Amino acid sequence: MISVSSVSKRYGGFAALDEVSVEVESGSLTALLGPSGSGKSTLLRVIAGLEVPDEGTVVLEDRDVTRLAPQRRGIGFVFQHYAAFKHMTVRDNVAFGLKVRKRPKAEIAAKVDELLGVVGLAGYQGRHPSQLSGGQRQRMALARALAVEPKVLLLDEPFGALDANVRAELRAWLRRLHDEVHVTTVLVTHDQEEAMELADRIVVLNGGRVEQAGAPRELYDVPANPFVMGFLGPV
Ligand code: ADP
Ligand code: MG
């Protein structure tokens, strides 16, 4: 579904990404794991089209999108500090992308109802974002991203700003959502537990390079890789 080939991205002389290649299977949930500054957000931004790489290509569904504008890639995003439209209700926040696309009113209403049900905010349609908890706001952000039925959902530390217990709840919930909706998802996290619990596949970045990639169990089964063992710690 997503094929990143030999992508490099430099800022001045510094390589934030250094010949990174990553394959993401259709319908999977891939975690990008790595320490702060390892290039996770930069890679996500390259996939999204918010950055053009200096070298390499990004292919989505067999189409080279390396230089295609973000809004034409069929991608939904959720970032750590989600910017909701404060003056709009929850319903209007979720409907926003559908309105921009000029979908019929009845279709928008049905879609918003369905998604707010899925994210457990059915009774919150008329509220404003300030009347939601942090976890509820992130669920609203996910509903908004999913409303336009993106082919790919990119999540950059979406729960990073929240309390540990809220984060754990959202993780379990995201996994269930993914199992239901099957949208190809790339989740950035520096939290190994989050990656282990959620992902079908984990890609470990370090210093702008791919250190390791595989199923969560496989990463633990590579004792020869001192970085991965050191970073992930014992089981
Ligand atoms: P991560 O998300 O893994 O914490 P980032 O992808 O945000 O890492 O950043 C990787 C490296 O690239 C960091 O050293 C960061 O300072 C640098 N970097 C990212 N974006 C820019 C930018 N716009 N200008 C200069 N340096 C940047
Ligand atoms: Mg980041």
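How many of the nine residues of α1 are buried? Seven are, so α1 is largely enclosed by the rest of the structure. This is a predicted model, in which local features need pLDDT of at least 70 and side-chain atom pairs count only at pLDDT 80 or more, while totals for chains, interfaces and linings use all residues. Residues are numbered from 1 along each chain as its sequence is written, and chains are lettered from A and ligands numbered from 1 in the order in which they are written.

**View 1. Buried residues of helix α1.** The buried residues of α1 are Lys40, Thr42, Leu43, Leu44, Arg45, Val46 and Ile47 (buried: 20 or more other C-beta atoms within 10 Å of the residue's own, with C-beta atoms placed from the backbone). Helices are DSSP runs of H or I, at least four residues, numbered from the N terminus.

**View 2. The shell around ligand 1.** Tyr11, Ala16, Gly34, Ser36, Gly37, Ser38, Gly39, Lys40, Ser41 and Thr42 surround ligand 1 (each has its C-beta atom, placed from the backbone, within 6 Å of the ligand). Helix α1 (residues 40–48) gives the largest share of this shell, three residues.

**View 3. Contact of helix α3 with helix α4.** Lys111, Leu115 and Leu116 in α3 meet Ala143, Leu146 and Ala147 in α4 (contact: C-beta atoms, placed from the backbone, within 7 Å). These residues comprise five nonpolar, no polar and one charged (Ala, Val, Leu, Ile, Met, Phe, Trp, Tyr, Cys and Pro count as nonpolar, Asp, Glu, Lys and Arg as charged, and the others, Gly among them, as polar).

Definitions and conventions
Helix = DSSP H or I, 4+ residues; strand = E, 2+ residues; numbered from the N terminus. Contact = placed C-beta atoms within 7 Å. Buried ≥ 20, exposed ≤ 12 C-beta atoms within 10 Å, placed from the backbone.
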